[in-house]
Every structure is written in structure tokens, then in C-alpha cells.
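The stops below follow one another through the fold, each with something to select and something to look for.

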Amino acid sequence: MLKPVTLESELIKLEPITMAHLSDFCKAGNFAEVWRYMQSNPCQNEDVARAWIGDMIDEMATGSQVAFVIINKQNNQIVGSTRLFRVNEVDRALEIGHTFISPTFQRSHVNSHAKYLLLEYVFETLDFTRVEICTHENNLPSRHAIARIGGQFEGILRKNRRAEDGSYRNTALFSIINDEWPQVKAALLNTGQRKEVFSYDSN
């Protein structure tokens, strides 16, 4: 079972989402290009975003996920969101995903710091064994970014995600396991790489 937790680096803060974040969360995500590989834009207006946040809050209450807003500490601005979810307590595995970053802050420190904080928490505090990171089969920038930080490509999951209109997508599956974490951590702590890896969204 996951519990809400706040994670911070010198440049960003991951804060569990609440309805108080609604307006700024919606502004951070209301860009068509952010949702290119999704069927719809869940930040298109505050009513839609409110329903989405409500679902996240409900899931967090069950301990099945933790959804975060990503706050840029330089200006205290919400610049995206990410979450821990699909928890398998028996096998000590979970997924990092539903990540979006505002276009202005893509190719910056934001996403790499966020992934570092999440991976560090999962492997070193929760003592999990496996983290999965998935993205749309056709989202090549995201696939390249995941691979650059050490995500191991495991294959294409065919028709594994069903959209609201009944259509299916193929998903590229990557993983990082606890044996690999020391090497991945060292790479993420490298100042130069921190500004480049995970520049793109993965969902």
C-alpha cells in the first residue's frame, strides 16, 4: 500500500495532488502537444481536470497509487504531474507513469529530477525490486529518453490499453530493476545528463 509523500530535490518538489492544485494543474497541462499520444486532453478545462484529479484522490485513498504535481522550486510553479501506480506488493513491483511536463519545461531539469526522486524512493525507501515505465509504441522520443537513463526495453504489449472510444493502443514496455539502480542513479546524478534525460512525456 502506498502512502502520500512529498519528495524534493534542489530544483523541484513532488507534492501529492489535491483539489487545491486544480487551476494551476490545468494551466500546466492544457497544451495539445502534451497529449499527442492520448485520445483526449484531460486538462482542457477545469471541469474535466477536476474529474481527473478526483479520480486520483480516490485512488490515493485506497493506497493503490500516489499522484503528484511537479513544482518548479525556482518560481513555485506547477509544471507537470507524475505518479506511482499499478502496485504489485507480492512481487515488489510498480509502474511510474501518467507523466506530463509543460512544453516550456520539457528538455529541462524537471523530468529528470522527477524520475530520480521517484526511483530513489521506490528502490531505497519502499525497497521494491522492479519499476516499469510504459509509453505509446509510436512515442519514439519518450522511448529514447527512457532508454537513455537505463530503462531496459522488454517488448511491445499489443492492444493492452483500451481507450474510451473502444480502440486499443500498443505499449512499449521498459523496466529498471533493483540490481541496476546503482548504475542508473549514478547516471542521473551526473549534472549534464540530468538536464537531458527524460525530456519527453511517458504515459
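Bear in mind that the model is predicted.

Glu-132 forms a salt bridge with Arg-130, and the closest N and O atoms lie 2.9 Å apart. Glu-132 itself is partly exposed, at 23% relative accessibility.

While salt bridges are on display, pick Arg-86, Glu-95 and Arg-161. Salt bridges with shared partners join Arg-86, Glu-95 and Arg-161 into one network. How many salt bridges does the count come to? The count is nine.

## Second stop: the sheet

Switch to cartoon view. Find the open sheet of eight strands. Read its order as E1-E2-E3-E4-E5-E6-E8-E7, with mixed pairing. Which strands stand at the edges? They are E1 and strand E7 (152-162). Each has a single partner strand, so one side of each is left without a neighbour in the sheet.

As background, strands of a sheet pair through backbone hydrogen bonds, either parallel or antiparallel. Both senses come up at the next stop.

Select residues 93-101, which make up strand E5. Is E5 mostly covered or mostly open? It is mostly covered, with eight of its nine residues buried.

Look to E4 next. E4 and E5 pair in the antiparallel sense, over six bridges.

- Gly-80, which stands opposite Ile-101 in E5.
- Asn-88, whose bridge partner in E5 is Ala-93.

Then follow the hairpin of E4 and E5, which has four residues between the strands. Stop at Arg-92 in that hairpin, where phi is positive, near 60°.

Now turn to strand E6, residues 130-136. E5 and E6 run parallel and are joined by four bridges.

Select E5, H3 and E6 together. They make a right-handed β-α-β unit.

Zoom in on H3, residues 109-125. H3 has 17 residues. From its first C-alpha to its last it reaches 23 Å, close to the 24 Å expected at 1.5 Å a residue. Colour H3 by accessibility: 14 of its 17 residues are buried, so the helix is largely enclosed by the rest of the structure.

Check the start of H3. A side-chain oxygen of Ser-108 comes to within 3.2 Å of the backbone nitrogen of Val-110. Then go past the other end. Asp-127 follows H3 and has a positive phi, near 60°.

Stay with H3 and pick Glu-124. It is partly exposed, with a relative accessible area of 42%. Glu-124 forms a salt bridge with Lys-185, at 2.9 Å between the closest N and O atoms. The pair links distant parts of the chain: Glu-124 sits in H3 and Lys-185 in helix H5 (residues 181-189), 61 residues apart.

Select Lys-73 and Glu-8. They form a salt bridge, with the closest N and O atoms 2.9 Å apart. This pair also links distant parts of the chain, across 65 residues. Lys-73 lies in the loop between strand E3 (66-72) and strand E4 (77-88), while Glu-8 lies in strand E1 (residues 7-8). Lys-73 is partly exposed at 36% relative accessibility. Glu-8 is partly exposed as well, at 45%.

Select Cys-26 and Cys-43. Both count as buried: Cys-26 at 7% relative accessibility, Cys-43 at 0%. How many disulfides does a search of the whole structure find? The search finds zero.

A disulfide would need the sulfur atoms within 2.5 Å. From the side of Cys-43, the closest cysteine sulfur is likewise the one in Cys-26.

Conventions
Residues are numbered from 1 along each chain as its sequence is written. This is a predicted model: local features need pLDDT of at least 70, side-chain atom pairs count only at pLDDT 80 or more; totals for chains, interfaces and linings use all residues. Side-chain values use heavy atoms; hydrogens and water are left out. Buried means under 20% relative accessible area, exposed over 50%, partly exposed in between (1.4 Å probe, protein chains only). A salt bridge is a side-chain nitrogen of Lys or Arg within 4 Å of a carboxyl oxygen of Asp or Glu. Helices (H or I, at least four residues) and strands (E, at least two) are DSSP runs, numbered from the N terminus. Two strands pair if DSSP finds at least two bridges between them. A crossover is right-handed if, with the strands pointing away from the viewer, the path from the first strand over the helix to the second runs clockwise. The expected span of a helix is 1.5 Å times one less than its number of residues. A polar contact is a pair of N or O atoms within 3.5 Å; within protein, one must be able to donate a hydrogen and the other to accept it, and residues adjacent in sequence count only if both atoms are side-chain atoms.
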